[in-house]
Amino acid sequence: MSGRGRRPRSVLATVWILVACAAIGTGIGLVVREVRSDGGGGPKAIRVRPARPGPQSPAALWLFGATTVRLDPSTLSDPRDAGFQGFGSVLGGEGIVYLYDPVTGRVGVVDATRNELVGRTSVPVDGGEGADVAPVFAAQGGSLWLVTGPGRLTRYELATGGTSDVTLPTDVVSEAAAGGPPAAGATRVVADSEAAWAIYDLGVTGNPQLPAVVRVAPDATITARAALPDQVGGVRLDPQAVALGDGTLWIVGAQAVVGLDPGTLAVRKTFTVQSESAIDLHSAATAGGLLWSYDSDSGALLGIGADGGSVRRRVPITNGTAAQFPAAATIIAGGDVLWVRVRIGGANTLEQLITRVNATSGDITGRFDAPPALEVGEIAVSRSPPP
């Protein structure tokens, strides 16, 4: 661990001030783009209009792809082209969306009230992360925790451009268990106002990877560390997603789940998800008293009970037809609402289905078919500040 106080090349040192003043932003010229379906049985044509000039609502659902489109988050209607391209992974905040590319180290901030990418910079990265590893960054007040390499975190201060690096320990698992001196692999991070948690693989090339977790304080001090069970009920954990909620840190594998005490990292719960058919879980969020994940095998959103892994709610997202090219999904929780992005169609298209779900009832309350021309890769939800 080190805190070197580097300052990356950045205009983000002024972003926090710009965001605070965003409500008085002026209108900007935007691109008008019309998207039509390719005919046949594909999605219907969707007219994407230019974003309105002048200050906008801080609350929006954002689609990032060939262009950036914002929708009404309540109805998934009124798509508006914001006229710029995003990049990397995305994360919504209060009136803003953060962007981070773990391969290049690019960081950006979108001001939702101005429909504008108001600042960008870059931080040094070491090796990057694979496209199927998420989440690779998390917000904590005026800072971002970034995965800048296998087993490496960087805390980036938006207001100053300062950074502090944390090298995650490799002795959390023993050489005997790993089959040799363990090295860090795929790394994920989540955070709240009190701490950040990194979940990462440790092992030796050619041997099964062993999962580990550390808790990191805002000053970049590691306050707890633990090895995670590599198997649950005879099933490999193989972490795919991480979620914070209901006072628990959840690590979700393809079929199994481990729940930890966020402070001590003691294991509270372990279970395999009970399903009548094989499942392949992607992404995770908590809402409505349930842990939610997407099963790419059935094309359904699963609401999982924390008492033993029973599936309390099953919400068909793709009308019972799994995608021809299963891929990681995105689940975003806001109160008792979930926004879900899943890929549909074939391996050579980027058709994405966006669905809004009431987490209490399991009812689908909105849909948006993003046609291939939009090339949507990710979504984010920006929120209104609390009253």
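Visitor: What makes strands 6-7-8-9 an open sheet, and in which sense do they pair?

Guide: In this predicted model, 4 strands line up in the order 6-7-8-9 with antiparallel pairing. Strand 6 (89–92) and strand 9 (116–122) stand at the edges with a single partner strand each, so one side of each has no neighbour in the sheet. On average, neighbouring strands here are turned by 20° against each other, direction ignored.

Visitor: How do you know that strand 8 and strand 9 are paired?

Guide: Pairing asks for at least two bridges, and strand 8 (residues 106–111) is joined to strand 9 by 6 bridges. They run antiparallel, and one of the bridges links V109 to G119 in strand 9.

Visitor: Why is strand 29 called mostly covered?

Guide: A residue is buried when its relative accessible area is under 20%. In strand 29 (residues 337–344), 8 of 8 residues are buried, so by that cut-off the strand counts as mostly covered. Both faces are covered: V337, W339, R341 and R343 lie on one side, with L338, V340, V342 and I344 on the other. For the protein as a whole, buried residues make up 52% of the 387 residues.

Visitor: Which strands does strand 29 pair with, and what makes those pairings count?

Guide: Again, at least two bridges are needed. Strand 28 (residues 330–334) is joined to strand 29 by 5 antiparallel bridges, and T330 has R341 as its bridge partner. Strand 30 (residues 351–358) pairs with strand 29 over 8 bridges, also in the antiparallel sense; there, R343 is partnered by Q352. Both pairings therefore meet the criterion.

Visitor: What lies between strand 28 and strand 29 in their hairpin?

Guide: There are 2 residues between them, and G335 in the turn has a positive phi of about 65°.

Visitor: What makes a group of residues a nonpolar core, and which members touch the most others in the largest one?

Guide: Members are buried nonpolar residues such as Leu and Trp, joined through side-chain atoms within 4.5 Å. The largest core has 34 residues, and W145, L146 and L153 touch the most other members. Strands supplying at least two residues each include strand 7 (96–100), strand 11 (143–149) and strand 12 (152–157).

Visitor: Which residues are in contact with L146, leaving aside neighbours within four places in sequence?

Guide: Among them are Y100, V107, F137, L153 and Y156; each has heavy atoms within 4.5 Å of L146, so each counts as a contact.

Key: Residues are numbered from 1 along each chain as its sequence is written. This is a predicted model: local features need pLDDT of at least 70, side-chain atom pairs count only at pLDDT 80 or more; totals for chains, interfaces and linings use all residues. Side-chain values use heavy atoms; hydrogens and water are left out. Axes are lines fitted to C-alpha atoms, for helices over the stretch in contact, and angles run from 0 to 180 degrees between N-to-C directions. Buried means under 20% relative accessible area, exposed over 50%, partly exposed in between (1.4 Å probe, protein chains only).
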